[in-house]
Amino acid sequence: MNSPDVEVIVIGSGLGGLAAALTAVENGCKDVLIVESEPVVGGSTRLCGGVVMGSRSRLQRAGGIEDAEDDMFKEYMAINVWDVAAGPVERWARRSGETVDWLQDHGVPFYERLIFSGDDRRPRGHCVEGGGQAIVDALVSKCRAAGIDFALGNRVDEILRADGRVTGVRAGGEELNAAATIVATGGFGANPEYLAAHYPIAWIPGETFYIGAEGARGDHLRFADQVGAQVTGENRGLRMLNPGVDTLHEAFLPGWTVLLDERGQRFCDETAPYGILDSLLKARNNVGYVVFDDAALRPPADKAARYADAYKQVWPNHAKFKPKHYNADVMEQYKDHPRVHTAESLEALADSVNIPAADFCGSLARYNHLVESGSDTDYGKASRFLNPISTAPFYAVEVRPTAIAHTGYGLCIDDHARVIGVDGDLIEGLFAAGECTGGIVGPTYSGSGSSLASAAGIGRMAGEAAAEYVRSTRS
């Protein structure tokens, strides 16, 4: 082969791309270039809350939390009913604690206290002081110190292929040759056309919005067509509940709410992780009603502290969670919105949302009985969140999971982050990491920190495999 311009090109500067580039250098690559479509580095990583899931890290052990080597893998597979690519997931999960240690060794500032990432049995969420931007700052500093170059504001138009292998990229009409190419372009949440085509259960024109970087336009799907790569993961990702009145992102429901389906039936612990709520809404026509009463908005003085304690999620890198939509000011502002319903009686509220009063009121009567007993024996919501729905006026806000935080349709990879072709063979010289990969996210998004964990972990896998491939081309 002709001598390449660089040994490794990484497309994308989010956590997956930064981890891949830095790992490639650490494994012997000399010339590594990160090409970023936007004028700033960091992709969607710089905008995120900064939680990294990991099992058996130094920080987890220091906190006295013991995980067996395969615990995280087994729990991840169970919550996704084994409907993911087990090979890549197993290798990523097994090395997840090592990846957190690697991030910490590269200057990412973690708090000592871990949190529960989702419905995991042990705390595995490692919170970053300074959020996603702190991750980007630390790794970019290490990349620059390692001699890695950045080309910002350069969208890659095409991945080049010759003699059966990927040979580099074309951007801005110029070709750049590389021994290995790593795709880490993020998802497609900022591309309405791709959302409608590949994430239709999340797509409502005029309402669906993306919580991420503008650069996440699905470039990896163009690349897949160009090089004949397999893609997988239709309708996979993470959606969060939104009332449709604005594009303000709200991750969790207050604990004093009751969530009903279109039949007026309660179906969950309302403080459940957002990935669980997303999955439950899929089976319920993607529509729910968040019900609460005026006491929640204007609590009496003797119960103010009880209503203020509304979230079981307490993160050291995040201010105390407070309702963004479910408060008196917002309810007043949007009182005439078709998705916001208010009534002086529960029977009238049921009529307003077009649910039979017997079902609607029966579910709330059942809930109030549980509140009185002090134990949610139906769905296990913690007793401190149990408050009666009994003070008029009453509210029901129609919600749909249309706030998109992650898209999971992307390139098929093997357990070394090598891209697989439609013919079943590996595409020589091509690797992928981060949100542009498919088969990693299953039917249920597992919890806070899983996307950053897979980006970092699979990014390291891609960097290692690319470096090994580069060594083979040298010889």
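Reader: Which residues of H14 are buried?

Author: Keep in mind that this model is predicted. The buried residues of H14 are Phe360, Cys361, Ser363, Leu364, Tyr367, Leu370 and Val371. Strand E13 (258-260), strand E14 (288-293) and helix H13 (346-352) are among the parts that cover them.

Reader: How many residues does H14 have, and what follows H14?

Author: H14 runs over residues 357-373 and has 17 residues. Its first and last C-alpha atoms are 24 Å apart, close to the 24 Å expected. Gly374 follows H14, with a positive phi near 85°.

Reader: How do I read a nonpolar core?

Author: In soluble globular proteins, nonpolar side chains tend to be buried together. Here the largest nonpolar core has 84 residues. Val52 and Trp92 are among those with the most contacts inside it. Helix H15 (residues 450-474) gives the largest share of this core, 12 residues. A second, separate core has 41 residues, including Leu253 and Tyr307.

Reader: What is Val52 in contact with, leaving aside its neighbours within four places in sequence?

Author: Its contacts include Leu103, Phe110, Ile135 and Leu452.

Reader: And how do I read an interface between domains?

Author: The size of an interface is often given as the accessible area lost when the parts come together. The domain assignment gives domain 1 (6-236 + 408-474) and domain 2 (240-403). Together they bury about 1,900 Å² between them, 61% of it on carbon and sulfur atoms. In this pairing, 24 residues of domain 1 are in contact with 23 residues of domain 2.

Reader: How many salt bridges are counted between domain 1 and domain 2?

Author: The count is one.

Technical notes: Residues numbered from 1 in each chain as written. Predicted model: local features only at pLDDT ≥ 70, side-chain atom pairs only at ≥ 80, totals over all residues. Heavy atoms only, no water. Helix = DSSP H or I, 4+ residues; strand = E, 2+ residues; numbered from the N terminus. Expected span 1.5 Å × (residues − 1). Buried < 20%, exposed > 50% of the residue type's maximum accessible area, 1.4 Å probe, protein only. Contact = heavy atoms within 4.5 Å. Core = buried A, V, L, I, M, F, W, Y, C linked by side-chain atoms within 4.5 Å. Domains from an automatic or database assignment. Buried area = accessible area lost by both parts, 1.4 Å probe. Salt bridge = Lys/Arg side-chain N within 4 Å of Asp/Glu carboxyl O.
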